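Student: I would like to learn how to read the features of a structure. Please take me through them, with the general idea before each case.

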Amino acid sequence: AGLSHAAMTSRFDRIAAFADIGEFIEQPGRMYSSGMFVRLAFAVAVEIEPDILVVDEALAVGDAAFQARCFRRIREIRDKGCAILFVTHSAEQVLRLCSRAILLENGKLLIDDVARTAIEAYRMMTFSPRTSIHSPPEEQTCINSPHIRNPDCLEFGNRKAEIVRA
């Protein structure tokens, strides 16, 4: 169905203000950078007050002020009952925005739980590639190898520097 021309015209100023791309708002889309295009697309998507909002790494563009506006608007939409599908690799953004998260690996569902649980599993997979999140605790050992982090060992990095006392 979409919005009528009149409905979109009445929302234009709010969309333009949110996107904050200045004089480019009057230019054809082919003149936009990819960042400007995403900013405008996001501004339109959140202005129409959807029932379901899909955000796929869109917040990676723009400055900190634009990202803050986006998060504020997403929270407002969420609080009105909109379902949000937020796709990202940013653990911090998931923790700030989501109450529940799923973790996929190669298209397979690994975790469907509260956000913190999914993020802990994601971090374990990311920083401990030799350790499966499905391994029983007795199979998980402290790995002392560069670029491998085991949360039980509190080690990370290439060992060019070491904190021995705090």
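Student: Is Ala101 buried or exposed?

Tutor: Buried means under 20% relative accessible area, exposed means over 50%, and partly exposed lies in between, using a 1.4 Å probe and protein chains only. Ala101 has 11% relative accessibility, so Ala101 counts as buried. This is a predicted model, in which local features need pLDDT of at least 70 and side-chain atom pairs count only at pLDDT 80 or more, while totals for chains, interfaces and linings use all residues. Residues are numbered from 1 along each chain as its sequence is written, and side-chain values use heavy atoms, with hydrogens and water left out.

Student: Where is the place of Ala101, and what does Ala101 touch?

Tutor: Helices (H or I, at least four residues) and strands (E, at least two) are DSSP runs, numbered from the N terminus. Ala101 belongs to strand E3. Contact means heavy atoms within 4.5 Å. Not counting residues up to four places away in sequence, Ala101 touches Val94, Ile111, Asp112, Asp113, Val114, Ala115 and Ala118. Asp113 is twelve residues from Ala101 along the chain, and their C-alpha atoms are separated by 5.9 Å.

Student: How do I check a helix such as H5?

Tutor: Compare its expected span, which is 1.5 Å times one less than its number of residues, with the distance between its ends. Helix H5 (residues 115-127) has 13 residues and should span 18 Å; its end C-alpha atoms are 18 Å apart, which agrees.

Student: Which residues of H5 are buried?

Tutor: They are Ala115, Ala118, Ile119 and Ala121. These residues cover an arc of only 160° around the axis, which puts them on the same side of H5. The arc is that of the directions from the helix axis to the C-beta atoms. The cover over the buried residues of H5 includes helix H4 (91-97), strand E3 (100-105) and strand E4 (108-114).

Student: How many salt bridges does the structure hold?

Tutor: Side chains of opposite charge can pair when their charged atoms come close. A salt bridge is a side-chain nitrogen of Lys or Arg within 4 Å of a carboxyl oxygen of Asp or Glu. The structure holds six. One of them joins Glu47 and Arg14, with the closest N and O atoms 2.8 Å apart. Glu47 lies in helix H2 (residues 34-47) and Arg14 in helix H1 (residues 5-19), so this pair ties together parts that are 33 residues apart in sequence. Glu47 is buried, at a relative accessible area of 12%, whereas Arg14 is partly exposed at 48%.

Student: What about Glu92 and Arg123?

Tutor: Their side chains also meet in a salt bridge, at 3.0 Å from N to O. Glu92 is in helix H4 and Arg123 in helix H5, so the pair ties together parts 31 residues apart in sequence. Glu92 is partly exposed, with 48% relative accessibility; Arg123 is partly exposed too, with a relative accessible area of 29%.

Student: How many residues are in the largest nonpolar core?

Tutor: In soluble globular proteins, nonpolar side chains tend to be buried together. A nonpolar core is a set of buried Ala, Val, Leu, Ile, Met, Phe, Trp, Tyr and Cys residues joined through side-chain atoms within 4.5 Å. The largest one here has 31 residues, and those with the most contacts inside it are Phe18, Phe42, Leu53, Val55, Leu59, Ile74 and Phe86. At least two residues of this core come from each of H1, H2, strand E1 (52-56), helix H3 (64-79), H4, E3 and H5. Leaving aside neighbours within four places in sequence, Leu53 has contacts with Ala45, Val46, Ile74, Ile77, Cys82, Ala83, Ile84 and Leu85.

Student: How many aromatic pairs are found?

Tutor: Rings of Phe, Tyr and Trp (its six-membered ring) pair if their centres lie within 6.5 Å; planes under 30 degrees apart count as stacked, over 60 as edge-to-face and the rest as tilted. A search of the whole structure finds three such pairs. The rings of Phe71 and Phe86 have centres 6.4 Å apart and planes at 65°, so this pair is edge-to-face. Phe71 in helix H3 and Phe86 in strand E2 (residues 83-87) are 15 residues apart, and their pair links distant parts of the chain. Phe71 is buried at 1% relative accessibility, and Phe86 is buried at 13%.
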